[in-house]
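Subject: Model for your review

Hello,

Please find the model below. My notes on what turned up in it follow.

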Amino acid sequence: WDVLRGLGLDGDHIASSRDVGFEEKFRAVTGGRGMDVVLNALAGEFVDASLRITAPGGRFLEMGKTDIRDAESVGGGVRYRAFDLGEAGPERIHEMLRDLVGLFIDGVLSPLPVRVWDVRRAREAFRFMSQAKHVGKIVLTMPSRWNPEGTVLVTGGTGGLGRVLARHLVESRGVRRLLLVSRRGPASEGVDALCAELEGLGAVVEVRACDVADRAQVEGLLASVPAEYPLTA
């Protein structure tokens, strides 16, 4: 409950929605009267419990979709209302979002915590979410697209795997500038044919000799990359 306590709520205002124990707790906290307003997104027996702790004359606002009740059949003097945000219409929603943005800018509201996973780890993210231990939002990010205007550095670029990767980058990723690096560099066997092939596919290719285990050589290599075609991968 650390996040809720950090927002200023004390123990009397916090209960779990994992079981219906919140009904007994909040009934005791309010001296048996119940709550004036209940905003609900639960279903089944949890809705029943929430309705029972809504005070006579109180408002029960249903924002869930799976267990909408008949307002006429809800007793106890409770005013029941199921709503859909879309009912407000685009203009009113625009006004609400504008006001919310202003509250965030002014520091009145704080964004919820965010945990980020690469979309390629989506299974891990959903497994984490299924444990229901997180607070805030879980976000999946897409891999950034290759920048065709930048320079892509391939170490071991004149070897067997390096050649396969270089072709893939040009043909499938649209890369247009390649910097192929290996210990022998231009002296590598078959490098002229490789460059001709890649250039025939529309790429500009530079082959350099560099020992990537040598810090000074790597620094010199990186410093030589033209500013107008910065290293992007």
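Which residue forms a salt bridge with Arg208, and how far apart are the closest N and O atoms? The partner is Glu206, and the closest N and O atoms are 3.4 Å apart. A salt bridge here is a side-chain nitrogen of Lys or Arg within 4 Å of a carboxyl oxygen of Asp or Glu. Arg208 is partly exposed, with a relative accessible area of 26%, and Glu206 is partly exposed as well, at 38%. For these labels, buried means under 20% relative accessible area, exposed over 50%, and partly exposed in between, computed with a 1.4 Å probe on protein chains only.

Before the rest, the ground rules. This is a predicted model, in which local features need pLDDT of at least 70 and side-chain atom pairs count only at pLDDT 80 or more, while totals for chains, interfaces and linings use all residues. Residues are numbered from 1 along each chain as its sequence is written, and side-chain values use heavy atoms, with hydrogens and water left out.

Salt bridges

The whole structure holds 15 salt bridges. In one of them Arg121 pairs with Glu124, the closest N and O atoms being 2.7 Å apart. Arg121 is partly exposed at 42%, and Glu124 is partly exposed at 33%.

Another joins Arg215 to Glu219, with 3.2 Å between the closest N and O atoms. Both residues lie in helix H8 (residues 215-223), four residues apart, about one turn of the helix. Helices (H or I, at least four residues) and strands (E, at least two) are DSSP runs, numbered from the N terminus. An α-helix has 3.6 residues a turn, so residues three or four places apart point the same way. Arg215 is exposed, with 67% relative accessibility, whereas Glu219 is partly exposed at 46%. Elsewhere, salt bridges that share partners join Glu23, Arg27 and Arg52 into one network.

Nonpolar cores

A nonpolar core is a set of buried Ala, Val, Leu, Ile, Met, Phe, Trp, Tyr and Cys residues joined through side-chain atoms within 4.5 Å. The largest has 15 residues, of which Leu178, Leu180, Leu198 and Val205 touch the most other members. At least two residues come from each of strand S6 (152-155), helix H6 (160-172), strand S7 (177-182), helix H7 (191-200) and strand S8 (204-209). H7 gives the most, with four residues. Apart from this core lies another, of seven residues, including Val47, Val74, Val78 and Tyr80. In soluble globular proteins, nonpolar side chains tend to be buried together.

What does Leu180 touch, not counting residues up to four places away in sequence? Its contacts (heavy atoms within 4.5 Å) are Val154, Gly157, Ala166, Leu194, Leu198, Val205, Glu206, Val207 and Arg208.

Leu169 lies in helix H6 and is buried, at 3% relative accessible area. Leaving aside neighbours within four places in sequence, Leu169 is in contact with Trp146, Val152, Val154, Gly174, Val175 and Leu178. The C-alpha atoms of Leu169 and Val101, 68 residues apart along the chain, are separated by 41 Å.

Val225 sits in the segment after H8 and is buried, with 14% relative accessible area. With residues up to four places away set aside, Val225 touches Thr151, Leu179, Pro230 and Leu231.

Helix H3

Helix H3 (residues 45-52) has Phe46, Val47, Ala49, Ser50 and Leu51 as its buried residues. These pack against H2, S1, strand S2 (54-62) and strand S3 (79-82).

Largest pocket

The search ran on a 1 Å grid over the protein atoms alone; a pocket is an open set of points where a 1.4 Å probe fits, with protein on both sides within 12 Å along at least five of seven lines, and lining residues have an atom within 4 Å of a point. The volume, about 1200 Å³ for the largest pocket, is the space filled by probe spheres set on the points, which are joined across faces, edges and corners.

Of the 34 lining residues, Trp1, Leu4, Ala15, Ser16 and Ser17 are the closest to the centre of the pocket. Helix H1 (2-6), helix H2 (21-29) and strand S1 (35-40) are the elements that give two or more residues to the lining, and S1 gives the most, with five. By class, the lining has 22 nonpolar, eight polar and four charged residues. Ala, Val, Leu, Ile, Met, Phe, Trp, Tyr, Cys and Pro count as nonpolar, Asp, Glu, Lys and Arg as charged, and the others, Gly among them, as polar.

Regards
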